[in-house]
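Hi,

Here is the structure I said I would pass on. My notes on the sheet and the salt bridges follow below it.

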Amino acid sequence: MHNNNRSDQNQNWRREKRRSIRLNLTNDVVERLKSGHPWVYQKGIRGYEYRDLAAGQQVDLYDPSGNFVARGLYDPESPIAVRIFTRFYKEYLDLSFVLA
């Protein structure tokens, strides 16, 4: 029964990953992320009413040319808007990521 419960939890997490919101970044922020910086300040996001996002919302970050840069979790209450958890497009914050 325990395995079934874990399977149900993983399915819920997988549904959540499809809810990533796309945020566009300024060029200077993109350069910092590419050099390994782990977060994005509010002022580094452009062109989206991102302040309406919920705390903990998974967001995909893109450069001005439309290329994927990173994925992270959003925080509307902090000057640090996004904390990066991966720079790989196919890697999502799901149960398998947390358990790894």
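First off, strands E5 (residues 68-74) and E6 (residues 80-86) run antiparallel and are joined by four bridges. Within that pairing, Arg71 has Thr86 of E6 as its bridge partner. Helices (H or I, at least four residues) and strands (E, at least two) are DSSP runs numbered from the N terminus, and two strands pair if DSSP finds at least two bridges between them.

A caveat: this is a predicted model, so local features need pLDDT of at least 70 and side-chain atom pairs count only at pLDDT 80 or more, while totals for chains, interfaces and linings use all residues. Residues are numbered from 1 along each chain as its sequence is written, and side-chain values use heavy atoms, with hydrogens and water left out.

Back to the sheet: it is open, with six strands in the order E2-E6-E5-E4-E1-E3 and mixed pairing. E2 (39-41) and E3 (45-46) are at the edges with a single partner strand each, so one side of each has no neighbour in the sheet.

Now the salt bridges (a side-chain nitrogen of Lys or Arg within 4 Å of a carboxyl oxygen of Asp or Glu): the count is two. One links Asp60 to Arg71, at 2.5 Å from N to O. Asp60 sits in strand E4 and Arg71 in E5, so this pair ties together parts eleven residues apart in sequence. Asp60 is buried at 8% relative accessible area, and Arg71 is buried at 0% (buried means under 20%, exposed over 50%, partly exposed in between, with a 1.4 Å probe and protein chains only).

Asp28 also forms one, with Arg32, at 3.6 Å between the closest N and O atoms. Both lie in helix H2, four residues apart, about one turn of the helix. Asp28 is partly exposed at 44%, as is Arg32 at 36%.

Cheers
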